[in-house]
Amino acid sequence: MENPTQFVQWLRSVAPYIHTFGGKTFVVAFPGELVASGALPVLAQDLSLLLGLGIRLVLVHGSRPQVAEQLALRNVEGRFHNGIRITDTAALECAKEAAGELRLDIEAAFSQGLPNTPMSHAQISIVSGNFVVARPLGVIDGVDFELTGMTRKIAADKIQPILQTEDSLVLLSPLGFSPTGEIFNLTMEDVAASAAIALHADKLIFITETGMMSDVAGTEIRELSSHQAEAVLQAGFLPPDAAFYLRHAIKACNSGVDRAHIVPFEMDGSALLELFTHDGVGTMISHENLESLRQATIEDVGGIIKLIEPLEADGTLVYRGRELIEREIDQFSVIDHDGVIFGCAALYPFPEAKMGEMACLTVSPDAQTQGDGERILKHIENRARAAGLTKLFVLTTRTAHWFKKRGFVPATVDDLPKDRQHMYNWQRRSQVFIKTL
């Protein structure tokens, strides 16, 4: 191992995710293009790791290129409307053949067990069946979709006991069955979103053939609330395939699924990178915005300590013991992103002088340059105004320029409230800056 220290740090960093994900249900959907590209064995290895961590998995596969290949062998041209296949009898036969072949390929991929590979000692059972009840899509815009259908019901009561079984996962194909015995060709996205909703899944993950989602300026879209995602759809700048994925992600989130992820499969290990790193490598959609700027509670003490420890170690911040932070927790405000503290600051009021001290302003290195420091500052200023304070001061040894740019002016120790003057540390010789609110 070239860098054991880095490995240990990485393993420790993913521990919170492992604790969070254990026992949760993830629906993972991937298109036929992933299988055609040869990426299925690697995806199976990554998903087997999730299964080994106690995550309950439902897989949904697509089959569009495989169906197209079967149609080409029969010299039949595929027909589409608004990106959805019009399924006649010939196309349905091709869809059935493609689904059968893909199911065998997927089962083979999860049967790997060679020594010195990620699948070593894995004994995974894949269960599939008539879990999807479907109905015909019907006539839309004057177009009869024939044997193309949409999901009516997912047999969640049959799937849940399977997910409780160790080392077992459920595989759903994009085919559904009606109570009259008919078979309908479905979209993978529809089946996956419907399964996630019916199973009350914690995550819906689309491993896609599309690239990273970007806005009109070309900036990558990393995170959206469902409301923001709907606005992106209405803006109309997304490619049709990406918009189709996003539409079903929104549907899932608006129907009770905590998170939906749209992750390109072009990067090796993209599913793991999306799940076990903060920024991920795809786009995450949630029903509500995951980030909140709020007053701290006692549960935040550990996160605050982890955030400020490196700055205390290099002398940027004055050391604060855990007991002190616990006593003063009401003075702190934090930026909480999906349960992880990425920024903090404290406000210590001096009511007689109508002044307040902002201390311990810290933003995680992973989140710097994103304006979080500015947001915390404004939040502290608002707290100070609400407390009837007219001035805010800071003591700093290294960030004088940052505060000057935000309206703080140099001052002296004599300008501080009397009580604070007595506590000034002359050894640190911190610079004093004051801002009128």
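The model on screen is predicted.

**Stop 1: helix H9**

Select residues 240-254, helix H9.

Now show the side chains. Which residues of H9 are buried? They are Ala242, Ala243, Phe244, Tyr245, Leu246, His248, Ala249, Ile250, Ala252 and Cys253.

Next, bring in what covers them. Among the covering elements are two helices to colour, H7 (188-198) and H8 (226-235). The cover also includes strands S4 (84-85), S13 (203-208), S15 (259-264) and S16 (283-286).

Step just past the end of H9 to Gly256. Its phi is positive, about 110°.

**Stop 2: the cores**

The largest nonpolar core counts 44 residues. Select Val27, Ile159, Leu172, Leu204, Phe206, Leu246 and Ile285, the members with the most contacts inside this core. H9 gives the most to the core, with seven residues.

Centre on Ile159. What does Ile159 touch, leaving out residues up to four places away in sequence? Its partners are Val58, Phe131, Ile154, Val170, Leu172 and Leu199. Leu172 is also on the list of residues with the most contacts inside the core.

Then switch to Phe30, Leu57, Ile124 and Ile207. They belong to a second, separate core, which has 32 residues.

**Stop 3**

Pick out Leu11, which sits in helix H1 (residues 4-21). Leu11 counts as partly exposed because its relative accessibility is 42%, between the 20% and 50% cut-offs.

**Stop 3: two positive phi values outside glycine**

Go to the loop between helix H4 (64-73) and strand S3 (80-81), and select Asn75. Its phi is positive, near 60°, and the residue is not a glycine. Is Asn75 buried or exposed? At 74% relative accessibility, Asn75 counts as exposed.

Last, move to the loop between helix H6 (156-163) and strand S10 (168-172), where Asp167 is found. Asp167 is a residue other than glycine with a positive phi, near 60°. With 29% relative accessibility, Asp167 counts as partly exposed.

Note on methods. Residues are numbered from 1 along each chain as its sequence is written. This is a predicted model: local features need pLDDT of at least 70, side-chain atom pairs count only at pLDDT 80 or more; totals for chains, interfaces and linings use all residues. Side-chain values use heavy atoms; hydrogens and water are left out. A nonpolar core is a set of buried Ala, Val, Leu, Ile, Met, Phe, Trp, Tyr and Cys residues joined through side-chain atoms within 4.5 Å. Buried means under 20% relative accessible area, exposed over 50%, partly exposed in between (1.4 Å probe, protein chains only). Helices (H or I, at least four residues) and strands (E, at least two) are DSSP runs, numbered from the N terminus. Contact means heavy atoms within 4.5 Å.
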